[in-house]
Amino acid sequence: MKANNYEVAEAGETITFKGLVARSTSQAFFLVFCTAIGMASLALVLQIQFQDLELPLIGTPNWFLLTLVSPYAGIYYWQSGDRIDDMKVKLATNDDETLNEITIEGNDEEIDRMWRTLELREKGMVKVEGILG
């Protein structure tokens, strides 16, 4: 787990790994894009709803200027994008020591990545090879 930026935080009956999940540039850009689309949709609704609105000192508002707020969603994500992730692993064996059972608690994405890396299977599941190989 050291290769994935995880370190052993506690080792006992249950081993606890802690790691830092870094912020992602692509997620920041996607968040800005989604916020811009959402603000543009809101502006369209406001423009249709308030066609004859005139504000004092401003006049007729340009609702599509709300889309200029969207980069702040990316800035907010970038400032608070790092998070500490915990994973707990517990190894149990039966009395005959013929069967090992691993219990893993953590983030779904990290558990899926661990399953693929270690080629683990869920209890009672059988791996079936695909037709295309």
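Predicted model: local features only at pLDDT ≥ 70, side-chain atom pairs only at ≥ 80, totals over all residues.

Author: Residues are numbered from 1 along each chain as its sequence is written, and side-chain values use heavy atoms, with hydrogens and water left out.

Reader: Are α1 and α2 roughly parallel or roughly antiparallel to each other?

Author: Helix α1 covers residues 25–49 and helix α2 residues 71–79, helices being DSSP runs (H or I, at least four residues). Their axes, lines fitted to C-alpha atoms over the stretch in contact, lie 7 Å apart at an angle of about 150°. Because angles over 145 degrees count as such, the two helices are roughly antiparallel.

Reader: How many residues of the contact of α1 with α2 are charged?

Author: The contact (heavy atoms within 4.5 Å) involves T25, Q27, A28, L31, V32 and T35 of α1, and P71, A73, G74, Y77 and W78 of α2. With Asp, Glu, Lys and Arg counted as charged, Ala, Val, Leu, Ile, Met, Phe, Trp, Tyr, Cys and Pro as nonpolar and the others as polar, the contact has seven nonpolar residues, four polar and no charged.

Conventions. Axes fitted to C-alpha atoms, helices over the stretch in contact; angles between N-to-C directions. Parallel < 35°, antiparallel > 145°, perpendicular 65-115°, else oblique.
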